[in-house]
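Student: I'm new to this one. Can you walk me through it?

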Amino acid sequence: MPDVLEVENLRKEYGDLVAVDGVSFAIGEGQSLAIVGESGSGKTTIARMIIGLERPTSGRISACGNDRSAPVRAAGKRRKRGREVQIVFQDPYTSLDPRHSAETAIDEVLRIHHGWDAARRRERVAELAGLVGLDTRQRSVPPKSLSGGQRQRVAIARALAAEPKVLILDESVAALDVSIQAQVLNLLADIRDATGISYLLISHDLAVVRQLTEQVIVMRKGSVVERGATGTVLDDPQHAYTRLLRESVPRPGWQPQRRISALPVGDRGAAPVPVR
Ligand SMILES: Nc1ncnc2c1ncn2[C@@H]1O[C@H](COP(=O)(O)OP(=O)(O)OP(=O)(O)O)[C@@H](O)[C@H]1O
């Protein structure tokens, strides 16, 4: 199975701070990988480098066999990258244009990436809106008239409109209440079955990681401290830090044991997503 995303020895420095330190991983076609780790461990910085919002200090990123370690200016090349990798952030409010309905937002991506005529775009807009479960009203109103879960569906449909091989989900369901979260997770699993898309999932929530990914890497202070099959790592963590992460998940009857509050709190980095 060919790798759709490869990251090799990735490093990002912000002045004296090494936010990401020698991180490597690969995702095969149709496979999904999770990055877990406490706040400030470098997860979002990796995502931002992959989609080109940050430039790596060193290391290599390639998607679908194409190098993307350095930024590109030409619109055509940027669009090509957008058909390889898209991202959905935690808060779609920051990435959706407040003036645009779901239909307009999805249509714009179809026009930019596929250049289809209006009739074909209309048909595809309806398909994508249906796929993520937006009803007729929800398709035609601006984001402020939608709930958080509905906005997240718009963001997912818009990202899927580019038909990317990889979708990065950066805490994309974290802000949703549990029943909506379950619906969106089921939706993501169905989309993967239907399209063969790969997910790079960034999450604090180990239950979400378990549900959506086969592989996981555990990060601490910019470095990978443990990696492997999701079930194995979560059920039988080898590294003390992974055990600590597991212990820090609130469960019924949970009692705090050790604290990880000594870890630095990271920036959220929720910049608007450019249409690529
Ligand atoms: N633009 C920036 N300038 C300087 N430092 C930054 C910048 N972006 C991130 N950092 C720092 O890099 C480190 C990693 O941040 P990052 O947002 O990647 O962490 P994270 O694991 O995604 O955290 P969280 O789970 O809280 O989102 C943090 O110490 C953060 O303060």
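This is a predicted model: local features need pLDDT of at least 70, side-chain atom pairs count only at pLDDT 80 or more; totals for chains, interfaces and linings use all residues.

Tutor: Residues are numbered from 1 along each chain as its sequence is written.

Student: What is the mean pLDDT of the protein chain?

Tutor: The mean is 86, and 89% of the residues reach 70 or more. pLDDT is the predictor's confidence in each residue, from 0 to 100.

Student: Where does pLDDT stay under 50?

Tutor: Over residues 253-276.

Student: New topic. At what angle do the axes of helix 3 and helix 4 cross?

Tutor: Roughly 125°, and the axes come within 9 Å. Helix 3 is residues 102-114 and helix 4 is residues 118-131. Helices are DSSP runs of H or I, at least four residues, and strands are runs of E, at least two, numbered from the N terminus. Axes are lines fitted to C-alpha atoms, for helices over the stretch in contact, and angles run from 0 to 180 degrees between N-to-C directions.

Student: And the sheet? In what order do the strands come?

Tutor: Four strands form an open sheet in the order 2-1-4-5, with antiparallel pairing. Two strands pair if DSSP finds at least two bridges between them.

Student: Which are the edge strands?

Tutor: Strand 2 (17-28) and strand 5 (66-67); each pairs on one side only.

Student: How many bridges join strand 1 to strand 4?

Tutor: Five, between residues 3-14 and residues 58-63. Glu6 has Ser62 of strand 4 as its bridge partner.

Student: What about ipTM and pTM?

Tutor: The model scores ipTM 0.97 and pTM 0.86.

Conventions
Two residues are in contact if their C-beta atoms, placed from the backbone, lie within 7 Å.
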